[in-house]
Amino acid sequence: MKFTLIALSLLSSASADVLSLTPDNVDSLNGKAAFIKFFAPWCGHCKSMAGDWIKLADEMSDNDGVIIAEADCTSDDIGSICSDNGVEGFPTLKYGDIGALTDYQGGRDYESLFEFTKENVKPGCSPARLEICDDAEKANIQKYMDMSPDEISKIIAEVDAVIEAEDQKLADSVKDLSAKYEVMVDAFETQQTAKKEEVDYKLVKAVFGIKSPKKAKAAGDDDDDDYDPDDEDDDDDIMPLSGDDDDDDDDDDDEADY
């Protein structure tokens with residue numbers, strides 16, 4: 001019991017570097033590079049990688065520009081954080097600017113997570129980090145900063161509408177293909193069944209099983225082993241040597257003459 005309490009205490013202490021996201025603190029990620037694990041407490045894969053996620057957060061704790069975070073998508077206090085980021089399964093890992101996260105597709109072991117974080121999870125140019133933007137990036141940001149919230153919302157809505165329409169188009173296409181596939185399968189099975197019924201396929205196979213040469217051989221067809229002088233079809237018949245007395249007599253005569 002004492003050991004368990006110590007282990008839990010160490011785990012709790014180690015996980016202090018993993019930021020648990022809520023609507024109250026999510027804005028603290030602005031201007032920083034985030035690596036976020038979206039999870040559910042009952043998810044087995046989430047539990048399996050929990051230790052490595054804590055280790056990653058501890059390793060990156062001295063880097064002020066990188067935040068290792070997690071979001072419990074089943075929590076009553078999570079708000080719209082998971083839905084805003086398109087989370088549909090667990091665990092889902094995303095990285096980058098909190099306003100435009102990118103899906104992580106790599107391994108979930110510590111080595112893979114650490115190497116990816118070291119090479120890819122870095123603060124980038126953003127409205128909150130203008131100091132690391134070049135002139136072209138600053139000009140592009142300023143173009144949108146000069147717009148009103150309504151203008152920006154309209155642009156976002158237009159892009160979202162295109163995405164939704166394309167998603168629906170894909171779903172309709174898949175549905176249409178599924179229907180065509182079902183028709184093809186039905187036609188294929190109908191043709192097979194009709195042909196089998198036409199020749200009484202099961203009966204034909206049963207008769208063939210009885211009349212098959214292999215079946216006859218297994219049943220004891222020994223014509224190839226026994227000599228039958230009346231068997232004209234036996235190509236492999238061999239005259240028994242035990243009855244061949246003429247050659248023996250000739251040999252005896254040859255020896256006597258010599």
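Cysteine 125 is partly exposed, with a relative accessible area of 31%. On this scale, buried means under 20% relative accessible area, exposed means over 50%, and partly exposed lies in between, using a 1.4 Å probe and protein chains only. Cysteine 133, by contrast, is buried at 8% relative accessibility.

These two residues, cysteine 125 and cysteine 133, are joined by a disulfide with an S to S distance of 2.0 Å; a disulfide is defined as a pair of cysteine sulfur atoms within 2.5 Å. The link is right-handed, with 105° about the S-S bond.

## Basis of the values

The structure is a predicted model, in which local features need pLDDT of at least 70 and side-chain atom pairs count only at pLDDT 80 or more, while totals for chains, interfaces and linings use all residues. Residues are numbered from 1 along each chain as its sequence is written, and side-chain values use heavy atoms, with hydrogens and water left out.

## Cysteine 73 and cysteine 82

A disulfide also connects cysteine 73 with cysteine 82, and their sulfur atoms lie 2.0 Å apart. This link is left-handed, with -90° about the S-S bond.

Cysteine 73 counts as buried at 18% relative accessibility. Cysteine 82 is buried as well, with a relative accessible area of 8%.

When bonded cysteines are counted along the protein chain, the disulfides follow the pattern 1-2, 3-4.

Cysteine 43 is buried, with a relative accessible area of 5%, and cysteine 46 is buried at 3% relative accessibility.
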